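Thanks for coming, everyone. Please have a look at the model first.

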Amino acid sequence: PRRILSGIQASGALHLGNYLGALKRFTALQDTGAPLFVFVADMHAITVWQEPEKLAAQTREIAAAYLAAGLDPAKAVIFPQSAVPAHAELAWIFNCVARLGWLDRMTQFKEKSGKHKERSSVGLYTYPVLQAADILLYKATEVPVGEDQKQHLELTRDIAAKFNNDFGAPGFFPQPEPLIQGPGTRVMSLRDGSAKMSKSDPSDLSRINLTDDADTIAAKIKKAKSDMDVLPDTVEGLDGRPEAKNLVAIYAALSDTTREAVLAEFGGQGFGAFKPKLAELAVTSMAPVTAEMRRLMADPAEIDRALAVGAERAREVAQPVVDEVKKIVGFWQG
Ligand code: TYM
């Protein structure tokens, strides 16, 4: 059976990349008939230091973004990862299945640990193993994510295959498919078309935050780096023009169309004409989401209700799976 699952870290400010690469896609998958599990990865967030007095608010903020983007708690199971203990239990077992050599190849750890690998938390290193547990605990078959999560999905598939093989449980865990589709899977910085849009970029002008108001969104797009040329008529014409490519991709993703269709409309026009249109589109599509997020966060009761209901349902699905895994591994059964 199909099951769709994804998550976003509870580590502060969401940006346009998270919105187009993940959030917007989750909402689009809500009515496909397959159960949808969407969680807030607070256990992943603490792989780097998080202020304890802020963490719960950050969790609520991601949950608010889910609801504001259109997820319906009556349809999707929305929950905090730490409210389902089975994530941690399965992660431990997977730590004993995954090989050091596999984790040594993970590029995200290399990026995030930087020059000080020995001072990183052990959790940051084993982060992708917890992600595999998140996915396989629900026997998810489809995982909508941005391009940067591709390697973690490959590791998840390797862990599933090795578990099934080592414990003689063929087909116990499925091979989940990453859903990395459309023009919004790798949104780049507005200041540098060769760098990913990310919350760790020191320049706030590099990204559009989901908390930015309409004027800020429009101003950031108008200041975005571009070039002097007109837009080409074909996607190939964007090669070697990373900033132009990125702005066209953002337009396409926001308007649910393709880069080809955007160029059919704007080919031959310069950024003086294109940027105001893009700014207008960004404001009209994002402003309602950011406004709804602000409304929800003003009184967290509605968010907390949704998370409590989701956590309960997630535990009901996860517990029998982890119970069976413990039996397969050979743990004592009382
Ligand atoms: P996180 O919290 O870093 O990012 C959340 C989602 O946003 C996508 N994303 C982007 N998409 C397009 N362009 C960008 N510039 C951009 N930046 C981020 C990410 O690909 C992601 O889909 N490890 C995950 C969270 C996680 C998870 C999981 C996901 C934990 N367990 C299980 C799926 C399944 C992460 O760090 O996402």
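Start with Gln 149. An N or O atom in the side chain of Gln 149 is 3.0 Å from a nitrogen atom of the ligand. Keep in mind that this is a predicted model.

Two further side chains belong here. Gln 131 has a polar side-chain atom 2.9 Å from a nitrogen atom of the ligand. Asn 18 has a polar side-chain atom 3.1 Å from an oxygen atom of the ligand. How much of the ligand's accessible area does the protein cover? On its own, the ligand has 720 Å² of accessible area, and the protein covers 95% of that.

Now widen the view. In total, 27 residues surround the ligand. Gln 9, Tyr 127, Asp 134, Asp 148 and Val 187 are the closest. Sort the shell by class, and you get ten nonpolar, 13 polar and four charged residues.

Which element gives the most to this shell? That is β1, with five residues. At least two residues each come from β1, α1 and α7.

Next, the space itself. The ligand takes up the largest pocket. The volume of the largest pocket is about 1,200 Å³. Its lining counts 49 residues. Nearest the centre of the largest pocket lie Gln 9, Gln 108, Asp 148, Gln 149 and Lys 196.

Several elements build the lining of the largest pocket. Those that supply at least two residues each include β1 (4-9), α1 (16-28), β2 (36-41) and α7 (122-136). Also on that list are α6 (107-113), β4 (142-144) and α8 (150-166). By class, the lining of the largest pocket holds 18 nonpolar, 23 polar and eight charged residues.

One more stop: the second largest pocket. What is its volume? About 190 Å³. Which element gives the largest share of the lining there? Helix α1 does, with four residues. The lining of the second largest pocket includes Leu 20, Lys 24, Arg 25 and Ala 28. Gln 181, Gly 182, Pro 183, Gly 184 and Thr 185 line the second largest pocket as well. So do Ala 253, Asp 256 and Thr 257. The classes here are four nonpolar, five polar and three charged residues.

To close, look at α1 again. Helix α1 supplies at least two residues of the shell around the ligand, and α1 also gives four residues to the lining of the second largest pocket.

Key: Residues are numbered from 1 along each chain as its sequence is written. This is a predicted model: local features need pLDDT of at least 70, side-chain atom pairs count only at pLDDT 80 or more; totals for chains, interfaces and linings use all residues. Side-chain values use heavy atoms; hydrogens and water are left out. On a 1 Å grid over the protein atoms alone, a cavity is a set of points where a 1.4 Å probe fits but cannot get out, and a pocket is an open set with protein on both sides within 12 Å along at least five of seven lines; lining residues have an atom within 4 Å of a point. Grid points are joined across faces, edges and corners, and a volume is the space filled by probe spheres set on the points. Ala, Val, Leu, Ile, Met, Phe, Trp, Tyr, Cys and Pro count as nonpolar, Asp, Glu, Lys and Arg as charged, and the others, Gly among them, as polar. A residue is near a molecule or strand if one of its heavy atoms lies within 4 Å of it. A polar contact is a pair of N or O atoms within 3.5 Å; within protein, one must be able to donate a hydrogen and the other to accept it, and residues adjacent in sequence count only if both atoms are side-chain atoms. Accessible areas come from the Shrake-Rupley method with a 1.4 Å probe; for residues, only the protein chains shown count as cover. A molecule sits in a cavity or pocket if more than half of its atoms lie within 2 Å of its grid points.
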